[in-house]
Amino acid sequence: MLTNLLFIITGLIGLLTITLIYNNYESNKIMNFYIVLLIIIMSLRFFLNGLTYFVSDSSFKNIYFTYSNFSSVVIPLCYLYFKNLFANEKGFDTRELYHFIFPLSFSILGIILNNQSFPILGLKLFLYVVFISFVVFYNVLSYRILKKNIWSKKGGVKVIMKQNKVINNWASFLFIALVLISIRLITALFIDLYYNQSMKGFNYQWISSCIWLLILIKILITPEILYGYNALNKKINENKKTDLVLNEIWKIAPNISLNNSQHSILKEKIDKNILTYIDHIEQLSFEYEIFRDSKMTLTDFSNKLNIPKSHISYIFKYHSTISFSEYKKVIRIHDAIKHIELNYLKNNTLDSLSKKVGFTSYNPFFTSFKEISGVSPLEYYKMVKVEFNE
């Protein structure tokens with residue numbers, strides 16, 4: 001009875017999760033059609049399984065136990081979710097229907113086999129091996145696509161770094177959980193085979209229920225997963241007036257020893273007002289205009305700031321993790337990202353964008369964009385293109 005209550009609770013929480021996801025589905029980059037379908041199928045499976053204990057109608061139980069194996073479609077669904085998570089595709093692609101041919105055919109064959117009065121043990125053993133191969137195959141596919149396209153993705157822009165970290169952690173968590181569920185299923189089917197029972201895989205299903213419950217809780221307690229980056233961006237925008245946008249590059253209180261007497265004098269003048277200096281630097285930087293000049297120098301920048309060049313040089317030497325030259329690239333890439341998000345590329349080329357934000361040609365722009373954001377300009381454009389179509 002307790003196990004069935006666990007199933008019902010897991011199913012209800014899953015259905016609640018889908019309800020919460022629905023309103024933010026289109027703008028949520030972490031959610032796509034396949035994870036939504038995955039949550040629905042798993043939640044309904046656990047919910048209906050839990051009801052079998054409390055419903056006295058034998059026909060309901062027979063129908064559930066007969067057709068429950070159709071839920072094996074969740075195995076390719078997991079892979080398709082990871083694949084489309086990388087591609088940032090929201091909808092269903094009919095070309096991917098072939099992934100469901102085997103699990104559906106296998107389930108139909110299982111129903112036929114289980115209806116036989118004298119099931120053939122050798123055939124069941126063969127089908128068991130085939131099914132294991134199917135499960136392992138899709139787990140390996142998922143691992144490979146995650147390793148290549150999700151876990152290796154890096155970026156230097158603050159928001160993109162946060163997004164990549166959330167996606168990376170979520171993908172790792174979900175993949176490990178699904179591998180554990182696969183192991184439980186393979187073990188349960190082996191037990192069915194060993195005792196020559198109908199191969200339903202119900203043994204130790206409470207383990208899968210607990211793992212799936214953890215997945216749902218992970219979604220519910222992580223706003224960036226449940227609602228998408230709108231929640232994250234809202235927090236960033238709320239703090240933008242008081243927080244440094246490029247907080248990760250600035251060293252407010254560095255532990256340094258100065259051997260240069262000139263720098264020691266500058267330290268006395270600058271360090272006590274370092275936050276004001278940096279805030280002033282960022283305010284001018286994110287107006288972008290000055291950095292659109294490809295010939296802009298540290299002298300030009302200090303003149304615009306109305307701060308001595310020696311002060312700016314000191315700040316980038318002791319209070320920044322990057323040089324002024326690298327800082328220019330970061331600001332220009334931020335500028336490019338802003339243009340892309342305003343749909344600049346709808347009527348303009350990437351080469352035009354590179355020159356507009358201050359690069360002399362496309363090649364250094366491409367290299368800098370990928371180094372800082374973690375993706376190419378075209379890939380980033382595809383990532384935000386969904387928002388243009390809404």
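Buried means under 20% relative accessible area, exposed over 50%, and partly exposed in between (1.4 Å probe, protein chains only). Helices are DSSP runs (H or I, at least four residues), numbered from the N terminus.

This is a predicted model: local features need pLDDT of at least 70, side-chain atom pairs count only at pLDDT 80 or more, and totals for chains, interfaces and linings use all residues. Residues are numbered from 1 along each chain as its sequence is written, and side-chain values use heavy atoms, without hydrogens and water.

**Stop one: helix H11**

Select residues 261–270. The buried residues of this helix, H11, are His263, Leu266 and Ile270. They lie on the same side of H11, because they cover an arc of only 60 degrees around the axis (the arc of the directions from the helix axis to the C-beta atoms). Now show helix H12 (274–285) and helix H14 (309–318): the buried residues of H11 pack against both (contact means heavy atoms within 4.5 Å). Turn to the face away from the buried side to find exposed Ser261 and Glu268.

**Stop two: a salt-bridge network**

A salt bridge is a side-chain nitrogen of Lys or Arg within 4 Å of a carboxyl oxygen of Asp or Glu. The structure holds six. Select Glu289, Arg292 and Asp335, which are linked in a network. Glu289 meets Arg292 at 3.4 Å, N to O. Asp335 meets Arg292 at 2.8 Å, N to O. Asp335 lies in helix H15 (residues 324–341) and Arg292 in the loop between H12 and helix H13 (298–305), so the pair ties together parts 43 residues apart in sequence. Asp335 is buried at 1%, while Glu289 is exposed at 55%.

Conventions. Helices (H or I, at least four residues) and strands (E, at least two) are DSSP runs, numbered from the N terminus.
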